[in-house]
Amino acid sequence: MPLTQNSAHIPRFRRENRKLAQRLHLRSASLLVSGSRVPGFSSAQVERRGSGAEDPPPRRMPEIRVTPLGAGQDVGRSCILVSIAGKNVMLDCGMHMGFNDDRRFPDFSYITQNGRLTDFLDCVIISHFHLDHCGALPYFSEMVGYDGPIYMTHPTQAICPILLEDYRKIAVDKKGEANFFTSQMIKDCMKKVVAVHLHQTVQVDDELEIKAYYAGHVLGAAMFQIKVGSESVVYTGDYNMTPDRHLGAAWIDKCRPNLLITESTYATTIRDSKRCRERDFLKKVHETVERGGKVLIPVFALGRAQELCILLETFWERMNLKVPIYFSTGLTEKANHYYKLFITWTNQKIRKTFVQRNMFEFKHIKAFDRAFADNPGPMVVFATPGMLHAGQSLQIFRKWAGNEKNMVIMPGYCVQGTVGHKILSGQRKLEMEGRQVLEVKMQVEYMSFSAHADAKGIMQLVGQAEPERVLLVHGEAKKMEFLRQKIEQEFRVSCYMPANGETVTLPTSPSIPVGISLGLLKREMAQGLLPEAKKPRLLHGTLIMKDSNFRLVSSEQALKELGLAEHQLRFTCRVHLQDARKEQETALRVYSHLKSTLKDHCVQHLPDGSVTVESILIQAAAHSEDPGTKVLLVSWTYQDEELGSFLTTLLKKGLPQAPS
Amino acid sequence: MAGPARYREPRPLLARGPQRPGLEAEVEYRKRQLPWIPRRTGLWNPCACKSYQDFHAFDLSGATRVLEWIGDKGVFVAGYESLKKNEILHLILPLRLSVKENQGLFPERDFKVRHGGFSDGSVFDLKYVPDTRLLVTSGLPGCYLRVWQFAEDSDVIKPVSTIAVHEKEGNFWPRVAVFSSVAPGVLHGARLSDLKIVDLESQKVTYSSGISDSEELSSLQVLDADIFAFCCTSGHLGIVDTRQKWAPLENTSPNLGSGEERWCAEVRGMDQGPGSCIASLGSEGQLRLLDTRDLCHPMSSVQCPVSTPSPNPELLRVSWAPGLDNCLAISGFDGTVQVYDVTSWDGMGIQVEPLFTHRGHIFLNENKMDTAPQVTTHTWHPCKPRTLLSAASDASLHVWDWVDLRASC
């Protein structure tokens with residue numbers, strides 16, 4: 001049993017030594033007990049997960065590694081790999097809306113060329129339901145093949161499959177794409193989802209835990225804290241630092257993560273105030289109805305529709321307008337259903353303002369009937385779906401498109417291939433089914449209420465979370481140097497902007513908790529000097545590493561526990577002294593010198609001429625060749641290492657001149 | 001107190017005139033009735049909707065006293081806080097403002113930060129050197145001007161050099177103007193006596209006033225390749241030809257009211273040669289118009305309806321509209337910017353009414369009513385005739401295209 005004497009250095013186990021480390025359960029070491037961080041000890045962890053027939057790649061790393069597969073210096077198909085304390089997590093699994101080819105999805109072959117994804121990932125986390133954050137999920141889990149857990153919030157779990165299905169329909173039915181994921185795949189994929197609540201700590205396994213924080217942005221959007229032991233990473237997803245009419249502002253506690261990964265879509269943007277956007281929206285609607293036109297607002301059942309309704313209702317009230325406002329019935333049912341389910345998500349900070357009020361109980365806004373579309377005179381209609389690709393909104397659009405007095409307001413993004421996308425890109429003649437050509441004479445307006453944090457918001461969030469480092473995704477590096485400098489200057493943290501496929505490696509200094517036995521502690525205290533919280537103190541003991549547990553015990557106890565016999569280990573050192581006198585006299589001089597120097601220690605002069613200080617034995621001998629030199633043999637046990645080295649150093653300086 | 005009945009008749013919330021009795025009561029009422037709507041919603045008012053063709057409000061990271069154009073699509077802003085790092089930002093105007101026709105709800109309505117830099121001192125004045133990538137800033141500490149450079153391939157504005165200024169007194173800082181030519185020159189000075197032109201490249205002094213008059217300057221404006229105008233805080237105005245020894249056409253203004261006022265000025269139509277007009281604004285709201293050919297006799301002198309004398313006369317601004325005849329804007333008294341048509345001003349001491357008053361900084365102010373922000377500066381859009389940019393002490397920056405209601409009446 002190698003009972004190494006070692007008080008100055010803690011053994012550093014490299015990764016290749018892992019197996020060795022597993023076998024060596026016992027190490028004798030001295031630790032700075034009151035300082036909890038043990039530098040250089042981070043990698044000394046024991047591989048715990050069982051390995052299958054094929055050995056997975058080394059998982060334990062003493063650092064945090066981040067590799068964006070999408071969204072690195074780029075917007076769209078968000079997908080970021082994070083490796084933290086040996087756990088691998090994939091953050092978001094988005095698709096790029098601008099591409100129809102391979103570039104649409106992140107390059108998952110980066111994770112493994114031919115192995116099973118499940119072996120390489122501990123979990124997948126989805127921040128919110130936007131397709132650029134979850135659009136590749138069925139492809140990833142069902143077509144590439146991943147069977148591990150997928151975490152998302154409850155609202156995201158509810159809305160995500162609807163959007164995926166809509167997207168699938170457009171891609172397959174409208175654009176005729178083959179080799180696309182199927183409805184069944186979406187369902188199967190959603191079976192792997194584990195829904196989480198806000199601020200709920202979820203144990204993915206014994207070591208990896210995640211926690212969701214409110215992110216604003218859209219219903220159910222969350223920021224996630226990923227934590228292993230004392231190391232943590234926060235991923236923001238998309239977030240919004242200013243509350244709006246139906247969502248609150250993102251919030252996170254001072255969790256001081258090792259790394260904050262934040263989106264920076266609007267980092268170089270100074271956003272126009274929401275009120276001005278709303279004012280324009282109202283002005284446009286008002287002008288149109290005033291001149292007798294009809295306004296169509298295609299919306300997705302969730303998200304901004306409620307906000308726009310509240311806005312119009314208030315404006316109508318204020319202006320005492322009588323023009324009817326309708327919303328399609330499917331919309332209200334769906335929306336009310338979701339809002340009842342997820343009311344806590346909408347009112348994080350603005351519950352009081354929204355007073356428990358049915359989101360769709362409006363004075364001016366009434367349910368729409370298909371026949372109303374042909375009514376003469378002005379009206380405003382909210383209808384689904386939001387991209388004008390099917391259903392009621394498309395029907396109404398076809399009826400109204402020919403009249404230049406009318407207007408359609410698109411309140412969000414439209415996927416390529418939809419009518420919404422076509423008219424937004426300026427197309428005025430649309431080919432409908434049956435070779436019919438629809439001429440669009442009505443006004444087409446686009447209005448973005450998208451809620452992302454701008455530079456100010458990013459700074460606020462960094463200030464809130466107080467991370468050790470910041471990593472920016474979404475956005476061009478060239479345009480973000482100023483922001484990077486700003487973050488580094490204001491918070492004195494480093495800031496990174498990796499491109500897709502580029503890995504940022506951040507060294508960490510993990511703290512490893514070590515339990516100390518009561519006996520050892522009592523013994524230390526018996527030697528006087530109570531431990532002080534702020535002062536590190538040297539303590540001798542034996543470190544036992546067993547089952548990922550670290551305990552510091554007295555060496556006697558360690559021997560007992562492990563059933564080992566004690567080996568005595570003595571160190572011997574020769575110190576040459578210039579002294580022509582006899583050995584006995586030299587020993588006497590050494591004795592009186594040490595006696596006067598080491599007042600607190602027991603210094604003895606033994607009858608055989610040797611000197612002892614505690615367990616340290618000093619003998620004087622004649623030099624074989626030089627009679628003017630004496631040799632001091634100093635010998636000590638490893639327990640008295642410090643005193644031993646102190647004595648040798650002291651003796652090497654020589655003895656004081658004897659009084660003449 | 002205003003009650004529901006009163007509210008039913010929509011009153012012009014942003015109507016003309018400085019006094020708005022019952023405003024607080026109305027706001028209170030609205031808060032009670034429509035709790036889910038923030039109270040500062042004057043913008044939705046029908047009158048407000050018609051008052052502005054366009055209105056955009058932005059929140060900067062720090063308040064600016066600088067709005068310096070670079071072309072007609074970019075503008076520089078800079079922080080002026082003391083004892084803090086201040087940002088200098090090159091902002092690109094919202095795309096929406098660059099398109100010829102106002103295309104309704106055009107999506108791009110945000111400013112983009114194109115370049116940014118950090119200044120250790122406060123920035124009170126910033127001038128872009130045309131046809132270069134250089135900026136000159138002035139502020140406190142006032143012992144030197146800073147020269148900055150920005151690049152195409154990076155978004156960082158870097159300091160490149162300084163121009164020493166022999167200003168020893170702590171609270172004075174030099175005003176700056178730029179002669180743009182093949183060899184750009186920086187005109188600067190805190191007082192008449194230390195007015196100098198420094199060649200930007202060689203840093204050699206190419207002109208100095210050489211007089212002992214230590215009057216404090218408030219405005220400097222370059223009129224053409226050799227001529228500049230100055231205004232002292234006392235109201236002393238002059239036009240200087242740098243090809244000659246110091247012999248300005250000037251108005252020494254011995255009798256300008258109480259003597260407590262401070263003045264600033266702007267010359268209209270720099271390219272229109274002699275015969276253009278100077279507007280000079282006093283801290284109590286007096287506005288004088290002078291013909292550059294006869295500075296001794298003001299053409300008119302009017303009183304603008306300002307609620308209080310300017311609390312910080314350094315923030316006084318008067319600016320001529322580049323795209324409108326006879327229009328100017330003033331700010332620096334409170335949270336408003338007032339626009340005037342000077343066409344029919346021909347008397348002395350008459351009271352005038354603004355054509356338009358921008359109160360957005362008060363209405364959109366996130367703070368309480370009693371700490372209304374002060375407008376720090378404003379500027380006209382070089383091409384869009386009725387569009388102005390204004391900034392206030394609460395770090396707000398507004399872009400607004402006002403409607404001349406006279407035309408629609």
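Trainee: Which residues of β23(B) are buried on one side, and which on the other?

Mentor: In a regular strand the side chains alternate between the two faces of the sheet. Here B:Cys327, B:Ala329 and B:Ser331 are buried on one side of β23(B), and B:Leu328 and B:Ile330 on the other. Buried means under 20% relative accessible area, exposed over 50%, partly exposed in between (1.4 Å probe, protein chains only). Strands (E, at least two residues) are DSSP runs, numbered from the N terminus, as are helices (H or I, at least four residues). This is a predicted model, where local features need pLDDT of at least 70, side-chain atom pairs count only at pLDDT 80 or more, and totals for chains, interfaces and linings use all residues. Side-chain values use heavy atoms, without hydrogens and water; residues are numbered from 1 along each chain as its sequence is written, with chains lettered from A and ligands numbered from 1 in the order in which they are written.

Trainee: Why is strand β23 of chain B largely enclosed?

Mentor: Five of its five residues, 327–331, are buried, so the rest of the structure largely encloses β23 of chain B.

Trainee: Which strands pair with β23(B)?

Mentor: Two strands pair if DSSP finds at least two bridges between them. Strand β22 (residues 317–320) of chain B runs antiparallel to β23(B), joined by four bridges, and B:Ser319 lies opposite B:Ala329. Strand β24 (residues 337–341) of chain B is also antiparallel to β23(B), over five bridges; there, B:Ser331 has B:Val337 as its bridge partner.

Trainee: Which residue takes a positive phi in the hairpin of β23(B) and β24(B)?

Mentor: Look at B:Gly332, with phi near 115°; five residues lie between these strands.
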